[in-house]
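Let's take a walk through this structure together. Have a look at it first, and then we'll start with a single residue.

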Amino acid sequence: MRALLPVVLLWPALALADHELDDRDIDNGQILYREHCASCHGVRLEGQPNWRRPGEDGLLPAPPHDETGHTWHHDNRLLFDYTKLGGAGLMEARGIAGFESGMPSLGDVMSDDEIWDVLAYIRSTWPERIRDIQAKRNPEHER
C-alpha cells in the first residue's frame with residue numbers, strides 16, 4: 001500500500017486537464033457553432049482561404065478549427081477567453097491596447113456554458129491524437 005501512495009497522490013495531476021469541455025452538450029455546441037461561427041470559420045471548420053496572411057484590411061482571415069488549424073495549439077482558457085472577449089478584447093484584458101482582430105466578442109450573444117459547448121463541439125471533431133495533444137496544453141492544476 002505504501003508503494004502505491006505516490007501514484008494515488010499524483011493521479012489527479014496525471015489526468016488530462018480539459019474538464020471544462022467534459023460532459024458538454026455537443027449537439028448544442030454544433031448548433032451554436034453553425035449559428036455564430038460557421039459564417040467565418042466554415043461549416044466544416046475549414047476556415048477562410050489564406051488564413052495565415054493578412055487580408056487587404058490588414059486582418060488575418062478566420063483560421064480553421066479542424067486539425068489543420070492552430071486552435072488545438074491553445075489551452076481551453078485561452079480559447080474560451082478569445083471567444084468570449086474577441087481578439088481585441090482579449091489583448092486589451094492582457095494589457096495590449098490597439099490590437100486589431102477580425103474575431104468579435106461573442107460574450108453578449110452566448111452564455112459561458114454555450115461557449116464551452118461550442119468549444120467541446122470543435123474538440124469533438126479532432127482526431128484522438130490531436131485531442132490528446134491539446135489536452136496536455138491545459139494547466140494540470142485545473143483538474
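Ile133 is partly exposed, with a relative accessible area of 27%. Here, buried means under 20% relative accessible area, exposed means over 50%, and partly exposed is in between (1.4 Å probe, protein chains only). You'll find Ile133 in helix α6. Its C-alpha atom is separated by 7.8 Å from that of Trp72, although Ile133 and Trp72 are 61 residues apart along the chain.

Before going on, some ground rules: this is a predicted model, where local features need pLDDT of at least 70 and side-chain atom pairs count only at pLDDT 80 or more, while totals for chains, interfaces and linings use all residues. Residues are numbered from 1 along each chain as its sequence is written, and side-chain values use heavy atoms, with hydrogens and water left out.

## The overall picture

The protein has six helices and zero strands, so the pattern along the sequence reads α-α-α-α-α-α. Helices (H or I, at least four residues) and strands (E, at least two) are DSSP runs, numbered from the N terminus.

Of the 143 residues in the protein, 36% are buried. Take the contacts between residues at least 6 apart in sequence: 57% of them join residues at least 24 apart. Contact means heavy atoms within 4.5 Å.

Helix α6 covers residues 128-135, and its buried residues are Ile130, Gln134 and Ala135. Seen down the axis of α6, these fall within an arc of 135°, so they line one face of the helix. (The arc is that of the directions from the helix axis to the C-beta atoms.)

What do the buried residues of α6 pack against? They pack against α4. On the face turned away from the buried side of α6 sit the exposed residues Glu128 and Arg129.

## Where α4 meets α5

Helix α4 (residues 76-93) and helix α5 (residues 112-124) have axes that come within 10 Å and cross at roughly 120°. Axes are lines fitted to C-alpha atoms, for helices over the stretch in contact, and angles run from 0 to 180 degrees between N-to-C directions. The two helices are therefore oblique to each other; angles under 35 degrees count as roughly parallel, over 145 as roughly antiparallel, 65 to 115 as roughly perpendicular and the rest as oblique.

From α4, Asn76, Arg77, Leu79, Phe80, Thr83 and Lys84 meet Asp112, Ile115, Trp116 and Leu119 of α5. That contact has five nonpolar, two polar and three charged residues. For these classes, Ala, Val, Leu, Ile, Met, Phe, Trp, Tyr, Cys and Pro count as nonpolar, Asp, Glu, Lys and Arg as charged, and the others, Gly among them, as polar.

## Where α2 meets α5

Helix α5 also packs with helix α2 (residues 26-36), at an angle of about 95° and with their axes 7 Å apart. That pair is therefore roughly perpendicular. Among the residues making the contact are Ile26, Leu32 and Tyr33 of α2, and Val118, Tyr121 and Ile122 of α5. By class, the contact of α2 with α5 divides into seven nonpolar, four polar and two charged residues.

## Two residues in a loop

Leu45 is in the loop between α3 (38-41) and α4, and Asn50 is found in the loop between α3 and α4 too. Leu45 has a phi near 65°, a positive value in a residue other than glycine. Asn50 is not a glycine either, and its phi is positive at about 55°.

Are they buried or exposed? Leu45 is buried, with a relative accessible area of 4%, whereas Asn50 is partly exposed, at 47%.
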